[in-house]
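Please look at the sequence and the model before reading on.

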Amino acid sequence: MTPRLFLSPPHMSGREQEYIAQAFESNYVAPLGPMVEKFEQSIRDCTAAPNALALSSATAAIHLALRVLGIGEGDVVLASSFTFIGSVAPILYQNATPFFIDSDLHSWNLDPDLLEQAIAASPKKPKALILTHLYGQCADLQRIARICDEHGIYLIEDAAESLGALCGGRQSGTMGIFGVYSFNGNKILTTSGGGMLVSPHKELIEKARFFATQARDDAPHYEHTDYGYNYRMSNILAAIGVAQMEVLEERIAARRQIFQWYREALEGIGEISFMPELPGSRGNRWLTTLTFGYADPEKVRLALEEYNIESRPLWKPMHLQPLFRDALRVENGTSAQLFARGICLPSGTQMKHEDVMRVAGIVKKALA
Ligand SMILES: *Cc1c(COP(=O)(O)O)cnc(C)c1O
């Protein structure tokens, strides 16, 4: 049997072990340390976000964002419905009330018209919006940021999947009061697990740093007037992140190339539509995702599985999750339709042209 072709496996640059060795030599086998600082610096350099905080995960980063903004019991938090649970579970950690907003077909991301409807329909003035740039492709960020601004709603960008994507010439994650990146094992870059919180506001990042390190007051002993979390990233994992950041642009180019190969092979077949790229944006094409006109995506997934190739349905929208059965929502059927008709194809950056052609060939055969 040929080795399994995974959806998005880690792809090391080759320098990770050298930097890990440096971390060991300095004996910073600890959270915090020089590699954490270097990793944060590399994110600031890459995104032009002035402040960055390395954390144990993007979920932790979103949780800290809500906590720092004072969002708590009974507050309404708007969110993209078409996303991964890590994007919105922190709303529940804070005992706040999620309000899910459906997608539009131009972007597959949050529909700005529905955002306006949600604001008008909300039982209370919403405090924040968690906006996901799904599969590395930009939402209509300019317009959404303007709406949030007009209504005094904090914008938190979930850029977990979209590191390096350019939305209207700006890096995804840098338009909101907070932005979040993930370095989980399947993302475009990985530290095996990790996240980053960025913000234009230094004092907010300092506050997040305080909560991420158990809310220790300034004293030689352990003094606490508030409680926090243990959310910092280890210096060893940050060493991996430093090496990974050196190859971000190469990885984006490779993901975009893989997308292009799939498109050339599959466009026009079986009424396939690929996830769009909004004008004026450059996504990172983290995963190549598409919908079929009539074919059952599950049939295609099973056909790929027979060849030991991993593929996945698109994210199941939050408003369709049993957990959120009774949650507030504005829906137009778009993300439900995308979920029913779509698939994510293997998009790992070690894939060669022949690998993509092999996958595309099996998809075509399954459609025939
Ligand atoms: C992966 C992901 C997260 C969570 O990231 P972790 O680092 O695994 O906590 C959040 N939102 C989206 C959209 C993701 O894809």
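## A buried aspartate in a loop

D102 sits in the loop that runs between β3 (97–101) and α5 (112–121). Helices (H or I, at least four residues) and strands (E, at least two) are DSSP runs, numbered from the N terminus. This is a predicted model: local features need pLDDT of at least 70, side-chain atom pairs count only at pLDDT 80 or more, and totals for chains, interfaces and linings use all residues. Residues are numbered from 1 along each chain as its sequence is written, and side-chain values use heavy atoms, with hydrogens and water left out.

Is D102 buried or exposed? D102 is buried, at a relative accessible area of 0%. Buried means under 20% relative accessible area, exposed over 50%, and partly exposed in between (1.4 Å probe, protein chains only). The side chain of D102 reaches the backbone nitrogen of G333 at 3.2 Å. That pair is a polar contact: N or O atoms within 3.5 Å; within protein, one must be able to donate a hydrogen and the other to accept it, and residues adjacent in sequence count only if both atoms are side-chain atoms.

Setting aside residues up to four places away in sequence, D102 touches N109, L110, D111, L114, H319, V330, E331, N332, G333, T334 and S335. A60 is 42 residues from D102 in sequence, and the two C-alpha atoms are 24 Å apart in space.

## The loop between β7 and β8

S172 lies in the loop between β7 (170–171) and β8 (178–182). S172 is buried, with a relative accessible area of 0%. A polar atom of its side chain lies 2.8 Å from the backbone oxygen of S162. Leaving out neighbours within four places in sequence, S172 is in contact with H133, E157, A159, S162, L163, A165, C167 and Y181.

I177 is in the loop between β7 and β8 too. I177 is also buried, with a relative accessible area of 16%. Not counting residues up to four places away in sequence, I177 touches L69, Y154, L155, V198, S199, P200, H201 and L204. E157 is 20 residues from I177 in sequence, yet their C-alpha atoms are 8.2 Å apart in space.

## Two positive phi values

Most residues other than glycine have a negative phi. Q214 has a phi near 65°, a positive value, and is not a glycine. Q214 is in the loop between α7 (202–212) and α8 (235–245). Q214 is partly exposed, with a relative accessible area of 39%.

A215 also has a positive phi, about 50°, although it is not a glycine. A215 is in the loop between α7 and α8. At 0% relative accessibility, A215 counts as buried.

## Around the ligand

How many residues surround the ligand? The number is 15, and the closest are T59, D158, E161, S182 and K187. They divide into three nonpolar, nine polar and three charged. Ala, Val, Leu, Ile, Met, Phe, Trp, Tyr, Cys and Pro count as nonpolar; Asp, Glu, Lys and Arg as charged; the others, Gly among them, as polar.

A polar side-chain atom of T59 lies 2.5 Å from an oxygen atom of the ligand. A backbone N or O atom of A58 is 2.8 Å from a ligand oxygen atom. An N or O atom in the side chain of K187 is 3.3 Å from an oxygen atom of the ligand. On its own the ligand has 380 Å² of accessible area, and the protein covers 94% of that. Accessible areas come from the Shrake-Rupley method with a 1.4 Å probe; for residues, only the protein chains shown count as cover. The elements that give two or more residues to the shell are α3 (58–68) and α4 (85–93).

## The whole chain

The chain holds twelve helices and 14 strands. Its radius of gyration is 21 Å, close to the 21 Å that the globule rule gives for 368 residues, so the chain is as compact as a globular protein of that length. The radius is taken over C-alpha atoms, and the rule is 2.2 Å times the number of residues to the power 0.38. The C-alpha trace spans about 70 × 55 × 35 Å along its principal axes.

Of the 368 residues, 57% count as buried. Among contacts with a separation of 6 or more, residues 24 or more positions apart account for 72%. The chain exposes about 15100 Å², and carbon and sulfur atoms supply 53% of it.

How values were computed
A residue is near a molecule or strand if one of its heavy atoms lies within 4 Å of it. Contact means heavy atoms within 4.5 Å.
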